[in-house]
Amino acid sequence: MDPNLVRNFCIIAHIDHGKSTLADRILELTGALEKREMEDQVLDDMDLERERGITIKAHSVALDYQADDGQTYRLNLIDTPGHVDFSYEVSRSISACEGALLVVDASQGVEAQTLANTHLAAEHDLEIIPVINKIDLPSAEPERVKEQIENIIGLDCSGAILASAKEGRGVHEILEALIHRLPPPKGSAEQPLKALIFDSWYDSFRGVIILVRVLDGTLRRRTKIRFMATGREYEVEEVGIFTPKLKPTEELSVGEVGFVIAGIKNASETKIGDTVTEPSRPTAEAFPGFQEMKPMVFAGLYPNGETSYENLRDALERLRLNDSSFSVEAVGFRCGFLGLLHMEIVQQRLERHFDLDLITTAPSVRYRVTTTDGAVLEVSNPAKLPPAGSIARYDEPIITALILTPPEHVGAILALCQDRRGIQKELKYVTTSRVLITYDLPLNEVVMDFYDKLKTLSRGYASLDYHLAGWRDADLVKLDILVNGEPVDALSLIVHKDRAYARGRALASKLRKVIPRQLFEVAIQAAIGSKIISRETVSAMRKNVLAKCYGGDITRKRKLLEKQKEGKKRMKKIGRVDIPQEAFLALLKLE
């Protein structure tokens with residue numbers, strides 16, 4: 001197809017600002033689906049996406065639209081996830097486009113995610129078209145929202161389009177704006193093949209299906225291709241476009257977006273952001289910006305009730321075919337995720353699709369440890385830490401958090417950020433009703449319950465977005481839990497020194513309630529290195545050895561009690577405490 005008649009665009013918006021509804025109306029107006037085939041959130045095909053009103057997987061759809069100038073244009077809509085956990089996928093999807101629709105709710109205005117995703121689009125030099133959605137609501141204030149977009153984002157709103165995706169108002173104007181305001185794709189069909197992978201998923205009949213944007217050259221069936229990051233080579237079995245059904249075509253040319261099937265058996269063989277080329281005539285350089293997706297948050301998954309370890313292992317292996325962005329370490333099912341939402345989604349998919357009953361441990365993060373001999377290690381599991389004497393320093397991951405809130409909640413939010421060891425970067429009144437707070441926070445302090453606390457303090461009005469800002473030296477220690485003098489590796493933690501005492505005391509206290517009583521006294525201790533910082537005792541079960549004494553001399557009773565005491569001492573030396581699974585799970589369960 002002539003590249004001058006192609007327009008590639010994405011829709012960026014905060015959660016619940018009407019992105020999927022607008023995509024539905026665009027599909028309806030361009031005739032991609034008949035009226036009887038339409039349903040709400042057509043592109044969100046996962047049940048979790050529909051329930052929660054969020055986009056988890058990127059989708060693309062090719063739409064043929066006859067414009068007012070009489071020409072038929074190919075509009076490639078790339079629907080991107082909106083959540084911060086998937087920011088790398090969003091950046092790759094954005095780099096496959098020339099323009100973006102910025103959708104803002106006319107009643108809620110600019111939110112933190114709107115701001116972050118717009119900056120991401122601006123970094124990739126995209127033409128941004130502001131769309132003020134939900135103008136049909138009684139509380140809609142389009143003029144105020146225009147002012148917010150200009151003040152907070154710095155985007156000219158003189159050409160902003162007022163729309164109601166629910167009623168279909170303004171959708172024709174949006175399509176015309178895409179034709180006239182977005183540039184056609186650049187690139188040459190004569191150059192060697194160069195295509196960007198921006199998503200992939202596993203099909204049980206066809207293998208891995210990858211989504212690509214062709215930057216140079218032409219991608220045809222039976223072509224030999226190479227993935228530049230992995231060096232793997234395949235033969236293309238089929239290429240085509242989504243309409244939104246799979247529609248095979250003979251080729252994908254410059255500027256086109258479509259799917260490629262090449263007999264790939266495992267999703268981990270395809271990396272999002274990788275470049276596809278021909279081995280016989282490779283492109284000079286890969287598309288910039290590729291990076292391996294690294295898990296940010298770690299948690300243990302444990303079977304509960306009827307679920308067995310074998311069932312959980314099989315389910316994890318099958319889920320990894322579709323989602324290669326989460327990792328599984330060893331058989332303990334300690335998994336790495338892109339963020340908290342990603343962790344929640346993986347757990348819900350395992351429970352729903354594979355009928356499992358799971359318990360998730362408290363999330364933790366990856367730390368960087370420098371040893372005394374200069375080696376640098378990245379550790380997410382406290383059991384893999386080197387001995388305390390050989391650690392020179394700890395570094396922890398730091399995020400830059402953007403919080404948009406009404407002014408009346410500023411004091412409470414600042415107190416929360418300070419309590420979480422944050423460093424304030426900026427506090428700016430962007431409008432009379434919106435304050436932008438920027439903080440550097442340790443990721444470890446955010447993964448537990450920061451978002452819930454933020455929403456509680458602001459009565460739901462504050463919004464949060466964050467990105468990784470690097471590493472910072474931190475005063476961290478390894479907290480060990482000893483049961484009868486023996487360390488329990490599974491209960492070890494890496495915590496900040498200031499919080500170690502309170503955390504150790506809470507763990508020891510909780511463990512005392514769940515470990516069953518033995519015939520001897522059990523000591524539960526929290527320790528940092530060789531220093532014990534907290535102790536709880538599970539008292540011994542005691543047989544009443546005086547029951548057979550009816551009166552008589554006190555020395556007889558004392559002799560029996562001393563004999564029992566000696567026996568308990570001897571038993572304590574040789575006795576072992578097996579922590580039952582129920583006690584272990586009760587301790588790990590998130591409260």
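Strand β12 and strand β15 (residues 257-261) run antiparallel and are joined by three bridges; strands here are DSSP runs of E with at least two residues, helices are runs of H or I with at least four, and both are numbered from the N terminus. Two strands pair if DSSP finds at least two bridges between them. Welcome to a predicted model, in which local features need pLDDT of at least 70, side-chain atom pairs count only at pLDDT 80 or more, and totals for chains, interfaces and linings use all residues. Residues are numbered from 1 along each chain as its sequence is written, and side-chain values use heavy atoms, with hydrogens and water left out.

**Strand β12 and its partners**
- Val 239 stands opposite Val 260 in β15, and also opposite Thr 249 in β13.
- Four bridges link β12 (residues 238-242) to β13, again in the antiparallel sense.
- Three residues lie between β12 and β13, which form a hairpin.

- An open sheet of eight strands has the order β11-β10-β16-β7-β8-β15-β12-β13, with antiparallel pairing.
- At the edges are β11 (233-235) and β13 (246-249), each pairing on one side only.
- From one strand to the next, the twist averages 40°.

**Helix α1**
- Helix α1 (residues 19-29) is mostly covered, with eight of its eleven residues buried; among them are Leu 22, Arg 25 and Ile 26.
- The axes of α1 and helix α6 (residues 171-181) come within 10 Å and cross at roughly 80°; axes are lines fitted to C-alpha atoms, for helices over the stretch in contact, and angles run from 0 to 180 degrees between N-to-C directions.
- Leu 22, Arg 25, Ile 26 and Leu 29 of α1 meet Val 171, His 172, Ile 174 and Leu 175 of α6, where contact means heavy atoms within 4.5 Å.
- Just after α1, Gly 31 takes a positive phi of about 75°.

**Cysteines**
- The structure holds zero disulfides, a disulfide being a pair of cysteine sulfur atoms within 2.5 Å.
- Cys 335 counts as buried because its relative accessibility is 0%.
- Cys 417 is buried too, with a relative accessible area of 0%.

Note on methods: Buried means under 20% relative accessible area, exposed over 50%, partly exposed in between (1.4 Å probe, protein chains only).
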